[in-house]
Amino acid sequence: MQAFFSWLAHLPQLLQIPVVLAAFLVVVGVIIVLIEIAPRPGRAYTWVRLGIAVGVPVAVLALLGLERGVAWVFLLGAVLGGGLFWLDSRSAKGRGRLIQLALFVSPALALLVVGLVWPTIRTMVSAFMDKTGTKFVGLDNFVWVFSSGGSGGLTSLLNTIVWVLVAPVFATGIGLVYALWVDRSRAEKLLKVLIFMPMSISFVGASIIFKFFYDYRQGNQIGLLNQVVIALGGAPVNWLQSYPLNMFLMIAILIWSQTGFAMVILSAAIKSVPAELIEAAQIDGASSVRRFVNVIIPTIRPTIVVVWITISITSLKVYDIIAVTTAGYNNTSVLGYEMVRQFSLFPPQTGHSAALAMLIFILVIPFIAYNARSLVRSHS
Amino acid sequence: MTVTAISASTRMVKKTHRTLSSPWATIGAIIIAAVWTLPTFGLFVSSFRPATSITTTGWWTFFSDPQVTLSNYSQTLDFVSSGITITQTLWNSLTITIPAAVFPIVLALLVAYALAWIDFRGRHVVFVAIFALQIVPLQMLLVPLLKMYTGGVTAFGAQIFPGFAANSLGSGFAQVWITHTMSALPLATFMLHNALATIPGEVMEAAQIDGAGHGQIFLRLALPLAMPTIASYAIFQFLWVWNDLLIATIFTSGSNAPITKILADLSGKYGQQWYLLTAGTFLAIIVPLIVFFALQRFFVRGLLAGATKG
């Protein structure tokens, strides 16, 4: 595999895309052919099944690039495959079913274990190790987070909490009100696109757009915000210098980018509120504000929660906005940024970095747990 | 009697419409829309102004003194940062994005099909477990993955994976592709499972009675029927990867950097070179904007499918 990627890297760039896609699709094609022929009856297919069960794990190990001195790894792969074959041949649902299932699920599951589960465990362990990753230091890294001043761990933790409290409220709130205001208005489509378009712009792009908007300089202003301040009779402000103002202006970038998301989803929810409900409230003489608060909001409450949770998770993990606007200076660091910064110090503070990542992880848990709970509920 | 009732109800519906879209509401919406659009518009106008004008006068003076030039764009495309031109970074973005959008979708389709249509013990547990893996923030993965790619994997003293070559030329874009694929799998599996699971059971049974195996059903039946959702998710993933900065920062180096990474660099190093940043930003967002406007309907559908989970 290394040899393949290395060969690929030396191809002309535009050739790399089709070549890597073709190679990938050939592998997937082989998997689908094996899936198709695995459960076929007959003695010959029993041998085919054995070949698949033992051959595929061995081939995968070989593809990973093992050349020398690891015979027992291959042996283990072959034994596991043989075990699968044996289980499959005794399966009540018919021969080949289990092999078929394994072919369907194992590529993704293997990647999830190697790429998500295992690194997560590694990071959890590093959070309790020193920066070399070899010496156990107990809770020292977390003590560092909670005690360090300046632009270190504690600031980033507190800032992240502010981000999570502020950004979702405004993005969801503005999105909701806007969705209601443009609902059935004549220019609904255009007005929606204007708010929605920032969704497709990267945080990097958005941050530069707003850096220009917030620009401060001596003499003639080129940033619109300061020009507005001057027009209102004020003196220009160096927006990104003073804490906590700079943090809220950075949160505004996230709100700017996420409001469109909230608006589109809430707009769809508002449109699905039964007209009879609104009419009934109208007959009862409810004003439009009351209808909104007493009828529409309770009906679409589950959607509001989903939107709010999604934006909260985005705010918890934010990295790009800080990297582009202030690079964490002037007390603006957040967990997602500080984690990367600690790792890129020299020498890398892997312990600190892992502890910060753990804190993001812990803060995300309640949100995803809520989502998973409603998923389980809707399944049963 | 009936006629009056009908006309009364039509009046009522009209009234509902009217009160929900009062002129004040529309004016409020227009104000928000203007606030939302002005920052982007300002940068856009600036990108066409001469370099010296951008940093000496506000972009709004453009309307009293219009000077239009394309030289910002031509200079930016040829600008060399970290040894590569901006043009090259745009190609890099494309080379990273297309495979990194295709890989997770295909792999997620395979596992989602099995979770939806093959009955096995524990499939609900597997499904919820994959969904719950969204819990893992990218930040938890970066350092261990980097170590895995460079140092390989060793278990019980034996090497299971020797790692990629250290320099970027040695492994090309492999690290970015693989990282994007792995981190996208939970959401992709969830969304595509929803699409596959809604195929009517009779259709699947009919195909099975006709003697088609799961491989054929997957290719000839499930894939075409799930195509709208696949397209929606593909757009989503494409934009996600194109706009990503974090994975690019950690897993690309030197000549492999995508436009987002170089733009973030420029913003730090050349924070006052606005001719570069204005044009560079628009070069970076032009592809997502084209995708967005051309495929808006799919994009919205993808968002709705992803967000109405549970």
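Domain bounds, as I use them here, come from an automatic or database domain assignment. For chain A that assignment gives domain 1 (2-126) and domain 2 (143-379). Taken over C-alpha atoms, the centres of domain 1 of chain A and domain 2 of chain A are separated by 42 Å.

Some housekeeping. This is a predicted model, in which local features need pLDDT of at least 70 and side-chain atom pairs count only at pLDDT 80 or more, while totals for chains, interfaces and linings use all residues. Residues are numbered from 1 along each chain as its sequence is written, and chains are lettered from A and ligands numbered from 1 in the order in which they are written.

On confidence: pLDDT is the predictor's confidence in each residue, from 0 to 100. Chain A has a mean pLDDT of 88, with 97% of its residues at 70 or more. Helices (H or I, at least four residues) and strands (E, at least two) are DSSP runs, numbered from the N terminus. Among the elements of chain A, the lowest mean pLDDT, 82, belongs to helix H1 (residues 2-9) of chain A, and the highest, 95, to helix H9 (residues 203-213) of chain A.

Chain B has 15 helices and four strands. Of its 310 residues, 46% are buried, meaning that 20 or more other C-beta atoms, placed from the backbone, lie within 10 Å of the residue's own. In helix H6 (residues 123-132) of chain B, the buried residues are B:Phe127, B:Ile130 and B:Phe131. Down the axis of H6(B), these fall within an arc of 100 degrees, so they line one face of the helix; the arc is that of the directions from the helix axis to the C-beta atoms.

Now the core. A nonpolar core is a set of buried Ala, Val, Leu, Ile, Met, Phe, Trp, Tyr and Cys residues joined through C-beta atoms within 7 Å. The largest one has 190 residues, and those touching the most other members are A:Leu266, B:Ala108, B:Val111, B:Tyr113 and B:Leu192. Helix H5 (residues 86-117) of chain B gives the most to this core, 18 residues. Both domain 1 (2-126) and domain 2 (143-379) of chain A contribute residues, so the core lies between them.

Notes:
A residue is buried if 20 or more other C-beta atoms lie within 10 Å of its own, exposed if 12 or fewer, and partly exposed in between; C-beta atoms are placed from the backbone.
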